[in-house]
Amino acid sequence: MEKYGVNEIREKFLSFFESKGCLRLDSFSLVPKNDASLLLINSGMAPMKPWFTGAETPPRKRVATCQKCIRTPDIENVGKTARHGTFFEMLGNFSFGDYFKKEAIAWAWEFLTKEMGIPVEDLWITVYEEDDEAKDIWINDIGVAPERVVKMGKKDNFWEHGTGPCGPCSEIHVDRGEKSGCGKPDCKLGCDCDRFMEVWNLVFTQFDKDEDGNYNRLPNPNIDTGMGLERLAAVVQNVNNLFEVDTVTNIMTKISEFAGIKYHDDENKDISLRVITDHIRSTVMMVSDGVIPSNEGRGYVLRRLLRRAARHGKLLNVKDSFLYKVADTVIDESAQGYPELAEKRDYIKKIIKIEEERFAATIDNGLSILNEYIEKAKSEGKTLLGGSEAFKLNDTYGFPIDLTLEICAEKGLEVDVDGYKTELEKQKTTARAARKDGSSWDADESFVFDNAQATVFDGYDKLELEAEAVGIAAEGEVCAAAVAGQKGMLVTDKTPFYAEMGGQSGDIGSVWKNGEKVAKVLNTTKNGDGIYLHEVEITGDISCGDKVEMKVCKKNRMAVSRNHSATHLLHKALKETLGSHVAQAGSLVTAKHLRFDFSHFEAMTQAELSEVEAKVNTAILSAMPITVQELPIDEAKKLGATAQFGEKYGDVVRVVTMGDYSVEFCGGTHLTNTAEAGLFKLISEGGVAAGTRRIEAVTGEGVLEYIKQNDELIARTAAALKTNLLGEIDKKAEAIVNESKETARKLESLNAKLAGGKADDVMANAKDINGVKLAVGRADGLSVPDLRTMGDKLKESMDCGVAVLASLTDGKLMFLATATKSAVEKGVHAGNIIKEITKLAGGSGGGKPDMAQGGGKDPAKADEALAAVDALVTAQVK
């Protein structure tokens, strides 16, 4: 067997499946696209979910990939053994309703035995215990010895995740010989030791599991296979684990050079070598795919991996920053498969270096303090580090809680995590109180910009202007400059960007320098010192003192202004419709929609809602001019101007007037004419607190989107109702409902007749046990209510007797027992009968002496359970 390298194996796999008609795709990004269920891509099929579910059409029905994957549930175990890792590459070939088991099995066998040269005698196969089709293919078509094809249960060889597509799988294992085994005489396939290594999992997605647990055959089954590239390389290269395959070993060797040590010389140092090797691989791949270190989400995963690796570098006595240098080796080893790594080399190294240096500034001091805490706890005979100490380490010294947990565990101490969370919540409460005065940027961070004065806002009548950068904060720290890929805050001496306040969202847009876009503005806020904070995503280099051009997104500003002007019209329309008691109680204005809270004592009627909507649209279509003027507050009040909720006003106020319809104090941005709002559509009305109602609405393009969505809904409904006449879908729906009711009535009548007929059949076979008539039988297909009806009919036909019934309906097994009063007096107990027979069917149940029911989990045991009733009743009426 030739010892191919990782890069050769990857290429051989993809080329092999190209020869089988598969489309070769590049690895998808580690950052999921339109999938909120995943933080990071963790399998080969994960990015292809829309293709498997049919939500999207795949580029070809046959596809092959080598997918970058990251899994972090057991991050604490990485390094402790050679089995665990966070990053791996998953080879996979897929079929979307095209080839199936025969081809998938034959090609897997061909690739492993012919392309990789793995000896046939080293391979073992597992199949799902009920999948005789796969077993026959392996034995009869491929020629695998029957004793090497092992049937396994659902736990091992059936893939499913809740409801939806699922199916049996077949795994290919490599026998690595007695040298890799546990030495036990009964060591065989399925043993927990390292002798039998699973290398390839072939999933045959042939079922669709419904809510009732039924497995329905898919008309077009799929193939989803996964084979760990590093695992296969370990087999082909005849090494023990992923850390010893060529590309990974080369990375570890580079780390060993920085540390001046060798792998396998010291187990504790080996742990650190494995941690750093694994984590730097994950780090390079994540940064390449656009993930930036942060305190939440996938950014936190990256920060945790980087800092954990840096901490283990300290344990190996590596004094200076080195991870960004090791990144060169990771890139060199993987660039053949992922050429974008080489293209982004400088960017990847810069991000790693910045985070590594930032952590270096805190780790030494944090470690020293933590060691003092640990020594003190031990000297006092404690086994628990207090939550307040753990919080202080994190809050004051920037020492991550996960590192505190890990280090304490190494020293034999636990950490009061609940106490830590309590202290953290106290801090958040304090921060929230401080933010009411506008003293900080967000939930976690505030900044002091030494050279910044109150920003001059000049954006009511212009959307672009030149300014000077006077303050920068990147990745949580105030700094003199920022580079592409970082996120943070930009402060300029003046700005056209409106800051979030008065219920209006902040402007978005861009920042330019010398004709190049250097930052994307994601939001704009204002602190208590009057400084405008532009939340930015840096796309170029920017430094304090740079002359920049600030450009507000015109489309977004216009959409926000439409919704803001519409809130003024809405406020007036509500007063006219509901009464003068209506007062604004809060608002939110964004580009997508508006939200308006107001005082009112009851839910609005449909007629009132229609009236308000009509009044606002009339005002819009009247094309009233919107004027803005600054006036002394007393003069403004004489005009009848309405103050906005929660706002504080000085001696001079800004007044927004819309024709002769609305006059309000307002510091926000507005249209110049009501007609620019387009149209207004109420979306919802509801209560948010006692005496406070809330309306949500859209304007302009938001109305067009609303109409589009409703048109699509109507079209889908018409299609489902099988009618082309959209104006008649209500009549069609009503007819179907009436038809359904009539069908249900007929079905109920039919089931009653069937139950009566089955009751007669059961009674015909009843027997007498010591003066008690016993009627036992099956009534498959009956619902629980119909089963009870049948039981009542049987009981009514007996003077002294008991009836026990079983029904298998829609995959659910139910048992019911009912007894006459006289039978109960002779010792019959229906509840005890049900309790015992449901156990035999893997379920449970019980009830009263005269009536009981229960369920079974194993339908195959239904007859066996009923057969036990005779003995149970005999024992009860002795």
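Reader: How do strand S33 and strand S35 pair?
Author: They pair in the antiparallel sense, over 6 bridges. S33 covers residues 812–819 and S35 covers 851–856. Keep in mind that this is a predicted model.

Reader: Which residue in S35 stands opposite Leu813?
Author: Gly856.

Reader: And what holds strands together in general?
Author: Backbone hydrogen bonds pair the strands of a sheet, either parallel or antiparallel.

Reader: What's the strand order in the sheet with S33 and S35?
Author: The order is S30-S31-S32-S33-S35-S34. That is an open sheet of 6 strands, with mixed pairing.

Reader: Which strands are at the edges?
Author: Strand S30 (767–769) and strand S34 (844–847). Each of them pairs on one side only.

Reader: How much are neighbouring strands turned against each other?
Author: By 15 degrees on average, ignoring direction.

Reader: Which helix packs on the sheet?
Author: Helix H23, residues 830–840. H23 touches strands S32 (801–809), S33, S34 and S35. The helix direction makes about 10 degrees with that of S35.

Reader: New topic. How many salt bridges does the structure hold?
Author: 43. Side chains of opposite charge can pair when their charged atoms come close.

Reader: Give me one. What does Arg62 meet?
Author: Asp98, at 2.2 Å from N to O. Arg62 is in strand S2 (residues 62–70), while Asp98 is in the loop between strand S3 (87–96) and helix H3 (101–115). The two are 36 residues apart, so this pair links distant parts of the chain.

Reader: What about Asp131 and Lys101, buried or exposed?
Author: Both are buried. They form a salt bridge too, with the closest N and O atoms 2.8 Å apart. Asp131 lies in the loop between strand S4 (123–128) and helix H4 (132–142), and Lys101 in helix H3, so the pair ties together parts 30 residues apart in sequence.

Reader: And where do Arg345 and Asp332 lie?
Author: Arg345 lies in helix H12 (residues 345–379) and Asp332 in helix H10 (residues 323–334). Their salt bridge has its closest N and O atoms 2.8 Å apart. Arg345 is partly exposed at 22% relative accessible area, whereas Asp332 is exposed at 51%.

Terms used. Residues are numbered from 1 along each chain as its sequence is written. This is a predicted model: local features need pLDDT of at least 70, side-chain atom pairs count only at pLDDT 80 or more; totals for chains, interfaces and linings use all residues. Side-chain values use heavy atoms; hydrogens and water are left out. Two strands pair if DSSP finds at least two bridges between them. Helices (H or I, at least four residues) and strands (E, at least two) are DSSP runs, numbered from the N terminus. Axes are lines fitted to C-alpha atoms, for helices over the stretch in contact, and angles run from 0 to 180 degrees between N-to-C directions. Contact means heavy atoms within 4.5 Å. A salt bridge is a side-chain nitrogen of Lys or Arg within 4 Å of a carboxyl oxygen of Asp or Glu. Buried means under 20% relative accessible area, exposed over 50%, partly exposed in between (1.4 Å probe, protein chains only).
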